[in-house]
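Hi everyone, thanks for coming.

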Amino acid sequence: MQSQKIYPLAFSFECSPARTEAGSEMLLNTCHQLAKVNPCFFSVNYGAGGATQERTFAAVDDINAATSIEVAPHIAGISTSKGEMSTLLEHYKTRGIRHITVLRGDKPSGLHDFGDFNNTIEFINFIREQYDDYFFIGTTAYPETHPLATSAQTDLANLQQKFERGADAALTQYFYNPDAFFRFIDSCEKLGIDQPIVPGIMPITNYHQLARFSDRCGVEIPRWIRQRLDSYGEDSASITAFGEEVVTRLCEQLLAGGAAGLHFYTMNKAAPSLAVWKNLNLSNDKSLRSRR
Ligand SMILES: Cc1cc2nc3c(=O)[nH]c(=O)nc-3n(C[C@H](O)[C@H](O)[C@H](O)COP(=O)(O)OP(=O)(O)OC[C@H]3O[C@@H](n4cnc5c(N)ncnc54)[C@H](O)[C@@H]3O)c2cc1C
């Protein structure tokens, strides 16, 4: 974990663009509450193939106007032409956005065109060619291996190339086993990767939804956690309390082990992430967030 310990701690929150006016209000309310703890940035999801483009634009503008926190939109390269991508990047440049989170995305069903980018590596390459160092480029990483990768090694080689082509940092898929993350960083270090790779944290609130989603994206929920969550049935208060305890302990272990920060998947709700934040005794003053 030596490569990670040199970086100042970076805490961030991920949000999704809302579908309705009520959802937009809820998102802004969430961001207001989260802004009080002074995160480094909010990241905003993007539907692959431009599925949520207008809503992502609107969410980025709204959060920018309502808080003083940096906003880092996600951009998915799949099913997009180079021309469309230039227009999108220009849209953000004219708004003064300098931090983006770049990924391939999953092909939306019914869409047959893969676009001009075969993978995230080509996409990062394109952004660096067109914009040099203008953008700080974050990308994705998978401590438990991406479900479509043919092996852990090819997945790591993919990440290595994303950094070689110009990614500055990575945010990981969420996980509940800290050893998976520590081992992953060890493997990255052996390949010479020393950029910050910030662990993704998914608070536990709705067990059945989480279980379905985790199965789809190759995230392991350890058996002992599944069993405890299963035993609570529909008792959502117990699920939330247990989930908060498990996720707090995970974050404590990650920070004690030298992680470069935490990236919370908020699902547009402030309370679950803030509860963990409070349990971790993290200062709301960025300059006082020292490593333990
Ligand atoms: C932090 C984070 C944020 C995300 N935000 C969004 C978002 O805003 N919008 C969204 O749509 N999705 C998002 N995703 C999900 C992501 O789009 C999917 O995981 C997608 O399948 C992979 O995209 P990628 O750029 O992360 O993967 P890449 O880094 O391009 O690939 C990951 C691995 O999968 C392998 N792989 C990928 N596709 C194939 C394939 N077809 N055949 C064989 N191997 C393959 C690659 O070789 C590599 O090993 C996010 C994921 C993370 C971790």
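This is a predicted model: local features need pLDDT of at least 70, side-chain atom pairs count only at pLDDT 80 or more; totals for chains, interfaces and linings use all residues.

Residues are numbered from 1 along each chain as its sequence is written, and side-chain values use heavy atoms, with hydrogens and water left out.

Okay, the ligand. A residue is near it if one of the residue's heavy atoms lies within 4 Å. There are 21 residues around the ligand, and R104, D106, T120, T140 and Y142 come nearest. By class, that shell has eight nonpolar, nine polar and four charged residues. For the classes, Ala, Val, Leu, Ile, Met, Phe, Trp, Tyr, Cys and Pro count as nonpolar, Asp, Glu, Lys and Arg as charged, and the others, Gly among them, as polar.

Which elements supply at least two residues each to the shell? Those are α6 (152–164) and β6 (169–174). Helices here are DSSP runs of H or I with at least four residues, strands are runs of E with at least two, and both are numbered from the N terminus.

Now look at the ligand's oxygen atoms. One is 2.5 Å from a polar backbone atom of R104. For D106, an N or O atom in the side chain is 2.5 Å from a ligand oxygen. With H146 it's again a side-chain N or O atom, at 2.8 Å from an oxygen of the ligand. Taken alone, the ligand exposes 950 Å², and the protein buries 79% of that; the areas come from the Shrake-Rupley method with a 1.4 Å probe.

Finally, two loop residues. S79 sits in the loop between β3 (70–76) and α4 (82–94), and its phi is near 60°, a positive value in a residue other than glycine. Is S79 buried or exposed? S79 counts as buried because its relative accessibility is 11%, where buried means under 20%, exposed over 50% and partly exposed in between (1.4 Å probe, protein chains only). N268 lies in the loop between β8 (261–265) and α11 (271–279). Phi of N268 is near 60° too, and N268 is buried, with a relative accessible area of 11%.

Definitions and conventions:
A polar contact is a pair of N or O atoms within 3.5 Å; within protein, one must be able to donate a hydrogen and the other to accept it, and residues adjacent in sequence count only if both atoms are side-chain atoms.
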